[in-house]
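Subject: Structure handover

Hello,

Here is the structure I promised to pass on. Please open it and keep it beside you while you read. My notes follow below.

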Amino acid sequence: MINLAILISGRGSNMEAILRAVKKKKIPVTPTIVISNKPDAKGLKIAQKLGVKTAVVESAGIKGGRWEYDKKLVSVLEENNVTPKNGLVCLAGFMRIMSPEFIKHYRGRILNIHPAILPAFPGLHSQRQALEYGVKYSGCTVHFVDEGVDTGPIILQAVVEIKDNDTEESLSKRILRQEHKIYPQAVKLFAEGKIKTSGRKTIIS
Ligand code: GRF
């Protein structure tokens, strides 16, 4: 069984969607640990209520490069038996860019959810970017994490139509509903060994 770790920084609604699906035995993983880089992340309490172990690895005030912080993450993950052999690390609103060293360590075992149809609107405030650009459709993407920002192989996407009167808030809300569907689905596919990658492409069996 795969040992699942979820990394968060705030609200944790994607984390919750994944953990609820795991609890309902819809996804064959062991929900091992939720880690936040912010001590006041709301998602921590939700994880605890769902009976999942939590840890805070605080990022504020850490000196040095990204790896200085990520090293600490790796220690906590490995102490909890989330390893490159049996682990899956899901970034769910984790507001940090992972170091190349972390990505190398867990190569092919890190997923992220992004609130746009990649490769459109990577980075921050994707919903605002989509509205400002004037696209008629946006959505969300679950992808493997590689060394770039939101550039890894795409696993699943869901499309949301943009309405003339959408605000950043209303669009974010509609996209979030889709995020809560496709992120658990992607974790399930991974856990069942149904995702193969071939260069940039993933093939779902
Ligand atoms: C989501 O919109 C996700 O796509 C983005 O950050 C947000 C996190 O929300 N990466 P939550 O913490 O999962 O509620």
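How many Å separate a polar side-chain atom of Ser 13 from an oxygen atom of the ligand? The distance is 2.5 Å. Keep in mind that this is a predicted model.

On its own, the ligand has 370 Å² of accessible area, and the protein covers 85% of it.

Now look at where the ligand sits. Its place is the largest pocket. Helix H1 (13-23) and strand E5 (110-114) are the elements that each give two or more residues to the shell around it.

Arg 11, Gly 12, Ser 13 and Asn 14 surround the ligand together with Gly 93, Ile 113, His 114, Pro 115 and Glu 179. By type, five of the shell residues are polar, two are charged and two are nonpolar. Both domains take part: domain 1 (1-107) and domain 2 (112-205) each supply at least three residues.

Finally, check two spots in the backbone. Most peptide bonds are trans, and most residues other than glycine have a negative phi. The bond from Leu 118 to Pro 119 is cis, with omega near 10 degrees. Find Pro 119 in the loop between E5 and helix H5 (126-133). Asn 81 is not a glycine, yet it has a positive phi of about 65 degrees. Look for Asn 81 in the loop between helix H3 (66-79) and strand E4 (87-91).

Best wishes

Notes:
Residues are numbered from 1 along each chain as its sequence is written. This is a predicted model: local features need pLDDT of at least 70, side-chain atom pairs count only at pLDDT 80 or more; totals for chains, interfaces and linings use all residues. Side-chain values use heavy atoms; hydrogens and water are left out. A residue is near a molecule or strand if one of its heavy atoms lies within 4 Å of it. A polar contact is a pair of N or O atoms within 3.5 Å; within protein, one must be able to donate a hydrogen and the other to accept it, and residues adjacent in sequence count only if both atoms are side-chain atoms. Accessible areas come from the Shrake-Rupley method with a 1.4 Å probe; for residues, only the protein chains shown count as cover. On a 1 Å grid over the protein atoms alone, a cavity is a set of points where a 1.4 Å probe fits but cannot get out, and a pocket is an open set with protein on both sides within 12 Å along at least five of seven lines; lining residues have an atom within 4 Å of a point. A molecule sits in a cavity or pocket if more than half of its atoms lie within 2 Å of its grid points. Helices (H or I, at least four residues) and strands (E, at least two) are DSSP runs, numbered from the N terminus. Ala, Val, Leu, Ile, Met, Phe, Trp, Tyr, Cys and Pro count as nonpolar, Asp, Glu, Lys and Arg as charged, and the others, Gly among them, as polar. Domain bounds come from an automatic or database domain assignment.
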